[in-house]
Amino acid sequence: MKHLMDLSKDSWTSYFESIGEKKFKATQVIEWLYDKKEYNPLNWTNFKNETRELINNNFSKSFIKIVRKEEDDLTKKYLFELEDNNHVEAVLMEHDYGLSVCVSSQVGCNMSCSFCESGRLKKVRNLSTFEMVEEILLIEDDIKRRISSVVIMGIGEPLDNYDNVIEFIKIINDDKGIAIGARHITLSTCGIIPKIKELMNLPLQINLAISLHASNNELRSKIMPINKVYSLSQLMLTLDEYIEHTNRRVTIEYVMLNNVNDNEENAKELIKLLHGKNVYVNLIPYNETSHIIYKKSPKDRIMKFYDTLKKGGINVTIRKEFGSKISAACGQLRSKEVK
Ligand code: SAH
């Protein structure tokens, strides 16, 4: 059974058409759920009795819950328990421009990136749209403040849960809903090419981030198995296509792994790969985790890499480190709870 919060306004519109109701009822549902926070359809006073009951009987309205929180000055990490006792996490970060939340999109992940904690648990299932929406709503309720941006960079590969993630984006983006501007929503992917192509044809002005993490094909295949399916050169062609089609700048994520992908040669290769493209590179200091052998690149190595890219004409920033004291690397809080 679908949940009340699994449907975007478009989907509610189709639903109302299918039951012979007026299409504009879709907007009213969005207002009841996300503005008035009235989750019992029987209390939706501007609906006919018959429609109220139909909705009440045909949609579930359960909740997920927060079972653990850890925090430091600028970061708060949440562990959620789902109805089937699975766990996922989200991270709230305070920036000077507002609050952002990093949400999970799957329980576990099948992408098996060698440096990533989340992937140690294989995918158990996709998150439904409502579970992702609830990550946001529960955090807003916990802190009694509005969230201004969302990054889909928690546990899971969002493009491996495409339909639910797109519905989620439409719901949080709806100006009658949670009203987070599309330019404040970022989807991060390891590079599922067919889905990147689908995404670029949607009329959604969200940001795309690509987890590149390597400067050549061989190295990328070593640390990111997905590269054996969609190679680096194919990914670069898709990136060009995406930029041409959407006219939007793409973020390239590059996690700095000591002596793995962070030497001068890597920086030079990266310049060649990205030169002239409308991208900016975000260098990510690696969050070490106890189960994985990789070490973070020392600061001076990161700085050197940064300088080389800069001199090579690449837009580059170093990601601010959040919450490294509180197991904020993806999957760390979950793996504490579920040993
Ligand atoms: N599956 C998606 C989104 C989830 S991972 C993707 O691959 O983009 C979000 C980002 O965090 C990715 O760039 C990922 O490679 C990176 N990441 C994973 N583990 C990390 C760690 N321990 N420290 C720093 N970044 C990490």
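**Ligand contacts and helix packing**

Guide: This is a predicted model, and in it a polar side-chain atom of S188 lies 2.6 Å from an oxygen atom of the ligand.

Visitor: Which residues are closest to the ligand?
Guide: Of the 18 residues that surround it, the closest are E157, S188, S211, H213 and N287. A side-chain N or O atom of H213 is 2.6 Å from a ligand oxygen, while a polar side-chain atom of E157 sits 3.0 Å from a ligand nitrogen.

Visitor: Why are α1 and α2 called oblique to each other?
Guide: Their angle is about 130°, with the axes 8 Å apart. Roughly perpendicular ends at 115 degrees and roughly antiparallel starts over 145, so α1 and α2 are oblique. Their crossing is right-handed.

Visitor: Which residues of α1 and α2 meet?
Guide: K9, W12, T13 and F16 in α1 meet K25, A26, T27, V29 and I30 in α2. By class, that contact has five nonpolar, two polar and two charged residues.

Visitor: And why are α6 and α8 described as roughly parallel?
Guide: Their axes cross at roughly 5° and come within 10 Å. Roughly parallel means under 35 degrees, so α6 and α8 qualify. The residues of their contact divide into five nonpolar, four polar and two charged.

Technical notes:
Residues are numbered from 1 along each chain as its sequence is written. This is a predicted model: local features need pLDDT of at least 70, side-chain atom pairs count only at pLDDT 80 or more; totals for chains, interfaces and linings use all residues. Side-chain values use heavy atoms; hydrogens and water are left out. Axes are lines fitted to C-alpha atoms, for helices over the stretch in contact, and angles run from 0 to 180 degrees between N-to-C directions. Helices (H or I, at least four residues) and strands (E, at least two) are DSSP runs, numbered from the N terminus. Angles under 35 degrees count as roughly parallel, over 145 as roughly antiparallel, 65 to 115 as roughly perpendicular and the rest as oblique. A crossing is left-handed if the near helix is turned anticlockwise from the far one by less than a right angle, and right-handed if clockwise. Contact means heavy atoms within 4.5 Å. Ala, Val, Leu, Ile, Met, Phe, Trp, Tyr, Cys and Pro count as nonpolar, Asp, Glu, Lys and Arg as charged, and the others, Gly among them, as polar. A residue is near a molecule or strand if one of its heavy atoms lies within 4 Å of it. A polar contact is a pair of N or O atoms within 3.5 Å; within protein, one must be able to donate a hydrogen and the other to accept it, and residues adjacent in sequence count only if both atoms are side-chain atoms.
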